[in-house]
Amino acid sequence: MTSAATDSRAPLLRALSFGLVATAIALLGAWLLFGRGALPIQTDLLAMLPTTERHPLAEQAVQRLAHANGDRMVLVLVGDDDTQTKRAARQLGANLQRSGAFTQVLAQLPPFDLAQLAAPYLAHRFMLLSHADRAALTRPDYDPAQALARQLNQPLLGGIGTELQDDPFGWLQRWLAQQPWSGSPLLPEDDLLTAHRDGRTQVLISAELRGSSYDDGVQRPALAALAQAEQTLHKDYPQLQLLRTGAVFYAAPARADAEHDTHLVGITSTLGIAVLL
Amino acid sequence: MRRMRVWLLALLWPLTLAAQTQPDAALLRQVLDQLASHPQVRAQFVQQRDNPALARAQESRGQLLFVLGHGMLWQTREPFQESLAIGSGHVARIDAQGQLQVVRGGAQGINQVAQMLQSLLAGDSAQALRQFDIQASGETARWTLRFTPTQARTAKVLTSITLQGGSYLDEIDVRMASGEQTRIHFSDSRAAGALSDLERHALGLP
């Protein structure tokens, strides 16, 4: 009799045990998926690549250069009224700086001497030749006297950026002009990096993030600070247009998409396992 | 000469807009109108450049063609032969076959001046006032415009640009902070008349 009763309760106990274990696994899965805050998802594709440089210092330098460009917001304020656009740019820069979400916001340029920009290259100028000058110097009919005369008699203005005695043939000037930064239409104007196109004023503002563009803890406060500053900007200057770029603007949606996909896969798998069991 | 006039026009226009603060705004307006009446100009030029690093001044001669809205053709004849087409944001050298070769870098200063000129010709008078303080003196038959940079960084490189002229632009004087001085004197200024195929090609005219 006792043995029969025990036998009849055994399936119930097994079912209860299984139910408890299944619930515990489901809860554990749910906690792993949702209960630990942001998922440790790596969205920086470059960080997933193997090292490419032989020397660790070179690798470190490459990474620092990549982050120097990638870990910042680049904003351009565009408006028809030059004075108003510049005033708004200064205000936007100050608001972003006050937010504390950035290590540095560059709107108003610090004092610097344009002539000093060429200084680091002067010592190496004999190795720095533009492609055209390198090709010209190798030609058998190259006439240095003619080349010098052309340089000294350029129309309107002589050389800018280097002293004549340092660079009489203009080789360093032309090499500098070949560099990417020389092609920028942005010029310092009223202590702001400014360009003018189609009668409109464009002012550059650069905001350096407090960490990686791909770090969720960096993205959220930075984007929130920008949204807040943009709201103030549009309230005070509704006619101005704010353009933006930077890895952070693409990394945040990429992270959201990755998290969504991870959650979807996790839930589907859990449900599938439950159904199979 | 034509270009000089365009320069004056562009420079003068901002001045006319700032008539409230410029006592010679009327003169500027008149000069501007005067210059605007010559859309295509040819002239002979003599350019002299003094530099503290040179034992003697450099001198070059040639002719200039200026076409409003398309830039200028700067043709040096002495001490070497060279033709430069200076447009909006670019400088191109014209080779013996008449082909244009874009000049990079060495013409950066020229390029900047040409860009400013083109923007002024396009009616962007505000740009000149953003960059320069402009003083006008004389009368329409003989006027002088002096441009002094208002931007501190520009002033460290460029001291002043002075234009002089009458019906046409007669002289440009560019003084750099390094002590370099470039004086360009224009003579025989006149309406350009018909342009050759090479001139039209160089200036991007149809």
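This is a predicted model: local features need pLDDT of at least 70, side-chain atom pairs count only at pLDDT 80 or more; totals for chains, interfaces and linings use all residues.
Begin by selecting the strands of chain B. They include an open sheet of 11 strands with antiparallel pairing, in the order β6-β5-β4-β3-β2-β1-β11-β10-β9-β8-β7. The edges are formed by β6 (100–102) and β7 (132–139) of chain B, each of which pairs on one side only. On average, neighbouring strands of this sheet are turned by 20° against each other, direction ignored.

Next, select residues 91–94 of chain B, which make up strand β5. This strand runs antiparallel to β6(B) and is joined to it by 3 bridges. To examine a pairing at residue level, display Arg93(B) together with Gln101(B), its bridge partner in β6(B).

**A cis peptide bond**

Remain in chain B and select the loop between β3 (71–78) and β4 (82–86), where Pro79(B) lies. The peptide bond that joins Glu78(B) to Pro79(B) is cis, with omega about 5°. For context, most peptide bonds are trans.

**The nonpolar cores**

Now select Leu64(B), Leu65(B), Met72(B), Leu73(B) and Ala85(B). Within the largest nonpolar core, which has 41 residues, these touch the most other members. Helix α2 (residues 25–36) of chain B gives the most to this core, contributing 5 residues. In soluble globular proteins, nonpolar side chains tend to be buried together.

Centre the view on Leu73(B). Leaving aside residues up to four places away in sequence, Leu73(B) touches Leu64(B), Leu65(B), Ser83(B), Ala85(B), Glu199(B), Ala202(B) and Leu203(B). A second, separate core contains 28 residues, among them Leu75(A), Val203(A), Leu209(A) and Ala222(A).

**Two positive phi values in chain A**

Finally, select the loop between β3 (187–189) and β4 (192–197) of chain A, and find Asp190(A) there. Although Asp190(A) is not a glycine, its phi is positive, at about 55°.

Asp191(A) is found in the loop between β3 and β4 of chain A. Its phi is also positive, near 65°, in a residue other than glycine. With 16 other C-beta atoms within 10 Å, Asp191(A) is partly exposed. For comparison, most residues other than glycine have a negative phi.

Technical notes: Residues are numbered from 1 along each chain as its sequence is written. Chains are lettered from A and ligands numbered from 1 in the order in which they are written. A nonpolar core is a set of buried Ala, Val, Leu, Ile, Met, Phe, Trp, Tyr and Cys residues joined through C-beta atoms within 7 Å. A residue is buried if 20 or more other C-beta atoms lie within 10 Å of its own, exposed if 12 or fewer, and partly exposed in between; C-beta atoms are placed from the backbone. Helices (H or I, at least four residues) and strands (E, at least two) are DSSP runs, numbered from the N terminus. Two residues are in contact if their C-beta atoms, placed from the backbone, lie within 7 Å. Two strands pair if DSSP finds at least two bridges between them. Axes are lines fitted to C-alpha atoms, for helices over the stretch in contact, and angles run from 0 to 180 degrees between N-to-C directions.
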